[in-house]
Amino acid sequence: MASLYTAHQADEQGVIHYRDEEHGTWRILIERQLAALEGKACDEYMAGLARLNLPLDRIPQLGEINAVLQPATGWSVVAVPALISFDRFFSLLANRQFPVATFIRRRDELDYLQEPDIFHELFGHCAMLTNPAFAHFTHVYGQLGQKASKEDRVFLARLYWFTVEFGLVQGDLAEGNEGLRIYGGGILSSIGETAYALGGVPVLQPFDPIEVLRTPYRIDIMQPIYFVLPSLDALYPLADQDIMAMVGEARRLGLHAPRLLPINQAAGKQAS
């Protein structure tokens, strides 16, 4: 798929110059998403967001993000074109480098953009990369993907989708929403999916890696199913299991039939 966007290039000092309109788009996105996430994002995300201290009035420079991530977990962000190959993606993660396409969506695509922009990457993912368990899991995932076959990568993509992108975690049961909290960047950066994920419509299942690897997904609809981790620290033992053996078992068992969404949810995704 060809990108409709062109990533900005940094100048000789490593600074990316955005237009005033692009800074304005960032301001709209971050202000409304901060309000939407109140009481819904996991504590680890909120702690990471506080450490990042993202500006509200402008798109941050990647160096500002790295000044927080590197001492926290050894991760950094790296500017990439709008779309990159799977080889490049896995290689970056294996080296604790998170790819960030340095463009921001147009105003007519505020609610939904199929390809990840800088708001999705920085606001959705980077706060979680300050968390050691999440950072460790993402690093191991990159190492596995780097060595995996093309066929196995298709299964691994489901593991990433239902954790890093669209993962939920059990929180404090006294805090409402049955204690559920969001840690996946695809939800955290999306005004529509934030409300939908905890709104009682989708199916919620306890996290089981084999089930995750067998569950199809689509990128252009609200997710009909989410998998719930008991805690973020559960990512440590998950990363240390033989995930490729699980991929083999999932391939042997085969995929589940895709779940159908209610008509009003299938009509149009409002997410990032």
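Axes here are lines fitted to C-alpha atoms, for helices over the stretch in contact, with angles running from 0 to 180 degrees between N-to-C directions. The structure is a predicted model, in which local features need pLDDT of at least 70 and side-chain atom pairs count only at pLDDT 80 or more, whereas totals for chains, interfaces and linings use all residues. Residues are numbered from 1 along each chain as its sequence is written, and side-chain values use heavy atoms, with hydrogens and water left out. Helices (H or I, at least four residues) and strands (E, at least two) are DSSP runs numbered from the N terminus.

We may start with helix packing. Two packed helices are described by the angle between their axes and the distance between the axes. For helix H6 (residues 132-147) and helix H7 (residues 150-165), the axes come within 10 Å and cross at roughly 165°. H6 and H7 are therefore roughly antiparallel to each other. Their crossing is left-handed (the near helix is turned anticlockwise from the far one by less than a right angle; clockwise would be right-handed). In contact terms (heavy atoms within 4.5 Å), H6 contributes residues including Phe 134, Phe 137 and Tyr 141, which meet a set in H7 that includes Leu 156, Leu 159 and Tyr 160. By class, this contact has nine nonpolar, four polar and one charged residues. Here Ala, Val, Leu, Ile, Met, Phe, Trp, Tyr, Cys and Pro count as nonpolar, Asp, Glu, Lys and Arg as charged, and the others, Gly among them, as polar.

H7 also packs against helix H12 (residues 243-253), at an angle of about 105° and with the axes 10 Å apart. H7 and H12 are therefore roughly perpendicular to each other. On the H7 side the contact is formed by Glu 151, Asp 152, Phe 155, Leu 156 and Leu 159, and on the H12 side by Ile 243, Met 244, Val 247, Ala 250 and Arg 251. These residues divide into seven nonpolar, no polar and three charged.

Helix H3 (residues 62-73) and H5 pack at about 15°, their axes 13 Å apart. H3 and H5 are therefore roughly parallel to each other, and H3 passes H5 in a left-handed crossing. Leu 62, Ile 65 and Leu 69 of H3 make the contact with Ile 118, Leu 122 and Cys 126 of H5. Six of the residues in this contact are nonpolar, with no polar and no charged ones.

H5 itself is mostly covered, with nine of its nine residues buried (buried is under 20% relative accessible area, exposed over 50%, partly exposed in between, with a 1.4 Å probe and protein chains only). H5 (118-126) is also part of what covers the buried residues of H1, together with helix H8 (185-188) and helix H9 (191-197). Those buried residues of H1 include Trp 26, Leu 29 and Ile 30.

Most residues other than glycine have a negative phi. Asn 53, however, has a positive phi of about 50°; Asn 53 sits in the loop between helix H2 (43-52) and H3 and, at 61% relative accessibility, counts as exposed. Arg 96 has a phi near 55° and lies in the loop between helix H4 (86-94) and S2.

Methods:
Angles under 35 degrees count as roughly parallel, over 145 as roughly antiparallel, 65 to 115 as roughly perpendicular and the rest as oblique.
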